[in-house]
Amino acid sequence: MELLRAENLTQSFDYPLFSNLNFTLNSKESVVIQGSSGCGKSTLLHILATLLKPNSGKVFYKDKDLYSLKENQRNEIRRFKMGIIFQTHYLFKGFSALENVELSSVLSGNSLDENILKKLGIDMLLNQKVSKLSGGQQQRVSIARVLCKKPEIIFADEATGNLDFENAKNVIEILIDYVKTNNAALFFVTHDSKLASFCDRIYTLKNYGIC
């Protein structure tokens, strides 16, 4: 089932990034976007995740034209249907790991999934303040926070950049298993070709489009 569709996306800032870009993302599918620094990978993710309106073109979530919706409608879809994992984890420093994860569950109306916490190896760290955790541990808490809200689409922007390869591989396997099990989808931006190889489709953003 098609979850997300981009039609004729065009975006530029001081220079053109991509033009008339078309893209689809289906349920149970993991897709990777690669490309050189500055080519527009993160910008494309921000557009698809409703964080940035494109210069032109449309983005559809289940046939709803996202940028023709009212802002509160778009925010509701992002809150309940999308999860975004950034390279910078944006955790609440004064909270424990558990409180950070629980906050996401409460806001999305879902119960805490203890199995996800165990798979990510943070179940023994829940009572620690996130400021006391290593960078890699903090990143895994931020990933748990997204997965526990049970999104239909996960956007991951260099989400494993702070992890060593074995932990990064574990995270990607968890994300792929999640989308397969929950009829969800993964849009993954990475420079790591080894991690990219685990996903269903790999695209390269270049020459103002994807191939």
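In which strand is Leu 17 found?

Analyst: Leu 17 is found in strand E2, which covers residues 16–26. Before going on, a word on the ground rules: this is a predicted model, where local features need pLDDT of at least 70 and side-chain atom pairs count only at pLDDT 80 or more, while totals for chains, interfaces and linings use all residues. Residues are numbered from 1 along each chain as its sequence is written, and side-chain values use heavy atoms, with hydrogens and water left out. Element names come from DSSP runs, numbered from the N terminus: helices are H or I runs of at least four residues, and strands are E runs of at least two.

Back to your residue. Leu 17 is buried, with a relative accessible area of 6%. The cut-offs here are under 20% relative accessible area for buried, over 50% for exposed, and partly exposed in between, with a 1.4 Å probe and protein chains only. For a sense of distance, take Arg 201, which is 184 residues away from Leu 17 along the chain: their C-alpha atoms are separated by 21 Å.

The protein has 7 helices and 10 strands. Its radius of gyration is 17 Å, close to the 17 Å that the globule rule gives for 211 residues, so the protein is as compact as a globular protein of that length. (That radius is taken over C-alpha atoms, and the rule is 2.2 Å times the number of residues to the power 0.38.) Along the principal axes, the C-alpha atoms fill a box of roughly 50 × 35 × 35 Å. Leu 17 is buried, and buried residues make up 50% of the 211 in the protein. As for who touches whom, take contacts (heavy atoms within 4.5 Å) between residues at least 6 apart in sequence: 73% of them join residues at least 24 apart.

Another covered stretch is helix H1 (residues 41–48), where 6 of the 8 residues are buried. Those six are Lys 41, Thr 43, Leu 44, Leu 45, Ile 47 and Leu 48. Just after H1, Thr 50 takes a positive phi of about 70°.

Asn 8, in strand E1 (residues 2–12), has a phi near 55° and is partly exposed at 39% relative accessible area. Lys 150 has a phi near 60°; this lysine belongs to the loop between H5 and E7 and is partly exposed at 28%.

Then there are the charges. Side chains of opposite charge can pair when their charged atoms come close. The structure holds 9 salt bridges, a salt bridge being a side-chain nitrogen of Lys or Arg within 4 Å of a carboxyl oxygen of Asp or Glu. One of them ties Glu 152 to Lys 62, at 3.1 Å from N to O. That pair links distant parts of the chain, 90 residues apart: Glu 152 is in the loop between helix H5 (135–147) and strand E7 (153–157), and Lys 62 is in the loop between strand E4 (56–61) and strand E5 (64–65). Glu 152 counts as buried at 19% relative accessibility, whereas Lys 62 is partly exposed at 34%.

Lys 119 and Asp 177 make another salt bridge, again listed at 3.1 Å from N to O. This pair also links distant parts of the chain, with Lys 119 in helix H4 (residues 114–119) and Asp 177 in helix H6 (residues 165–181), 58 residues apart. Both partners are partly exposed: Lys 119 has a relative accessible area of 38% and Asp 177 has 35%. Elsewhere, salt bridges that share partners join Glu 2, Arg 5, Glu 7 and Asp 63 into one network. Within that group, Arg 5 pairs with Glu 7, the closest N and O atoms being 2.8 Å apart. Arg 5 is buried at 18%, while Glu 7 counts as partly exposed at 29%.
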